[in-house]
Amino acid sequence: MKKIVLGISGGISFLIFLILLFTTNYLGHSQLSQTVADRWSSKKNASQVSCFFSVGSGITEDEIIDFEHTVDSALVDASVVQESENPGARLWADAYSADGTVSISTDKASILADAIGIGGDFFLFHPVKLLNGAYFSGNDLMQDYCVIDEDAAWQLFGSNDVAGMMVYIGGVPHIVTGVVERPAGRLAEAAGLDSTLVYVSYQTLNELGISHGINHYEIVMPNPVTGFAVNYIRERFGTEEKEAETEIVENTTRYSLLSRLKLLTQFGVRSMNGKAIIYPYWENIARGYEDILALMTLFGIIFLAYPVGLGLVFFCIWWKHKGWTMRDVRLKVVDKAERWMEKRREKQRKKKKSGSADSDFEYIEFEKSEFDDEPKQKGSPRIQRKEPKEKREKPADGKRQAKREEKARKRQARELKKEERRAKKGKTGGEV
């Protein structure tokens with residue numbers, strides 16, 4: 001009964017481990033801002049890398065443009081070329097952003113909202129849920145577009161179906177291209193999503209609003225060898241001079257098992273940050289999920305250790321009370337191998353005997369008879385069976401015969417020992 005209870009508890013513990021494992025994988029892949037590489041390349045050979053800059057780092061738009069000009073040459077040096085026949089296909093994509101505030105108004109109302117000034121393919125990396133309309137790109141020639149959240153749409157227009165409507169930012173007209181749903185929940189609110197949010201171009205935020213400077217850059221690019229992308233970004237942005245002002249994260253592997261185990265070793269120390277970096281809301285959410293997944297991994301290890309430990313205990317008990325030894329197994333295997341070899345030799349001897357019997361035929365030539373009325377062709381062969389001869393058997397090889405006798409004696413000795421062991425243990429029956 002005790003063994004049954006332990007077995008059931010071990011099974012339940014293993015089931016909980018599987019649930020935690022699948023939940024961890026699901027939560028990790030549900031963070032769309034961290035899985036751009038999977039969407040970018042179906043071959044899983046791309047990497048997403050993010051850079052976060054401190055408030056006083058002084059990163060400018062021109063520096064980012066200069067960096068973009070070096071990416072293609074770096075990929076060529078790494079023998080990475082475009083294989084797609086689509087002329088519009090790209091090997092890499094990037095985006096940058098800055099935090100700030102803007103005053104946005106219509107004929108009906110005016111609000112002061114938190115703003116993210118974007119550049120590049122920002123919404124490729126952060127596909128916020130659209131309720132109406134479409135995204136815009138920071139690479140567009142015209143920079144008078146904006147995307148607002150549902151809260152801002154209701155305050156400015158009294159509806160969320162406002163794609164194509166006009167708003168004024170700093171007195172300059174802008175077109176609303178879409179309305180998005182602001183992420184909600186405890187983590188989202190703690191990350192800074194607790195007020196109205198609008199997305200504008202970096203140029204608009206820098207010229208018509210209050211900007212805190214570029215604090216974030218990210219790129220998705222080919223990763224021909226492990227660590228190529230993150231090392232290249234670190235060489236450009238994470239130099240020793242800028243190390244105190246920059247933090248580089250490889251998003252592609254941040255939720256992997258190895259990263260989660262490494263995070264457990266940094267528990268308590270990770271929260272201490274001496275850099276003057278203000279993380280954007282999506283990075284705060286990602287770091288929150290890192291902690292949650294690391295904790296789930298710890299519980300998963302504990303729930304896995306219990307059934308594994310039970311299994312080892314049961315195995316040791318079974319091993320201790322088993323009715324055979326490894327020597328018995330070895331002798332059994334050797335015995336079967338010897339019998340198989342003996343059968344094979346017997347088949348070869350039978351084959352040789354049948355071959356010698358078939359060769360007891362000869363050709364006989366009959367000469368022309370004087371009494372034959374019709375002439376017969378001289379030399380006409382005819383087959384005549386020889387009289388069966390007694391086959392001379394070679395005398396048996398003395399050494400081979402002695403070896404066979406020795407094996408037979410050993411086999412008999414083993415059988416006697418097995419019988420003695422069975423008699424001592426009070427057991428009867430078959431062998432291992």
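Mentor: Let's begin with D151, which is partly exposed, having a relative accessible area of 33%. Do keep in mind that we are looking at a predicted model. The partner of D151 is R182, and the closest N and O atoms of this salt bridge are 3.9 Å apart. Distant parts of the chain are linked here, since D151 belongs to helix α5 (residues 150-157) and R182 to the loop between β7 and α6, 31 residues apart. R182 also counts as partly exposed, at 26% relative accessibility. In total, the structure holds 15 salt bridges.

Now to another pair, R90 and D121, whose closest N and O atoms are 2.9 Å apart. D121 is buried at 16%, whereas R90 is partly exposed at 44%.

The strands named there deserve a look too. β2 (residues 93-105) and β3 run antiparallel, joined by eleven bridges, and a hairpin of four residues connects them. Within this pairing, A95 has G120 as its bridge partner. β3 also pairs with strand β8 (residues 197-201), this time in the parallel sense over five bridges, with I118 opposite S201. Eight of the eleven residues of β3 (residues 110-120) are buried, so the strand is largely enclosed by the rest of the structure.

The loop between α3 and β2 also contains V80, which counts as buried at 13%. V80 is in contact with L75, L91, P222 and P224, leaving aside neighbours within four places in sequence. The C-alpha atoms of V80 and P224 are 7.4 Å apart, although 144 residues separate the two along the chain.

Next come E283 and R254, with closest N and O atoms 3.1 Å apart. E283 is in helix α10 and R254 in the loop between β10 and α9, 29 residues apart, and both residues are buried. As for the helices themselves, α9 (residues 257-265) and α10 (residues 281-320) pack at about 90 degrees with their axes 9 Å apart, and are therefore roughly perpendicular. The residues of their contact divide into eight nonpolar, one polar and three charged. Among them are L257 and L261 in α9, and L293 and I301 in α10.

Last, a network of salt bridges links D335, E338, R339, R411 and R414.

Note on methods: Residues numbered from 1 in each chain as written. Predicted model: local features only at pLDDT ≥ 70, side-chain atom pairs only at ≥ 80, totals over all residues. Heavy atoms only, no water. Buried < 20%, exposed > 50% of the residue type's maximum accessible area, 1.4 Å probe, protein only. Helix = DSSP H or I, 4+ residues; strand = E, 2+ residues; numbered from the N terminus. Pairing = 2+ DSSP bridges. Axes fitted to C-alpha atoms, helices over the stretch in contact; angles between N-to-C directions. Parallel < 35°, antiparallel > 145°, perpendicular 65-115°, else oblique. Contact = heavy atoms within 4.5 Å. Nonpolar A, V, L, I, M, F, W, Y, C, P; charged D, E, K, R; others polar. Salt bridge = Lys/Arg side-chain N within 4 Å of Asp/Glu carboxyl O.
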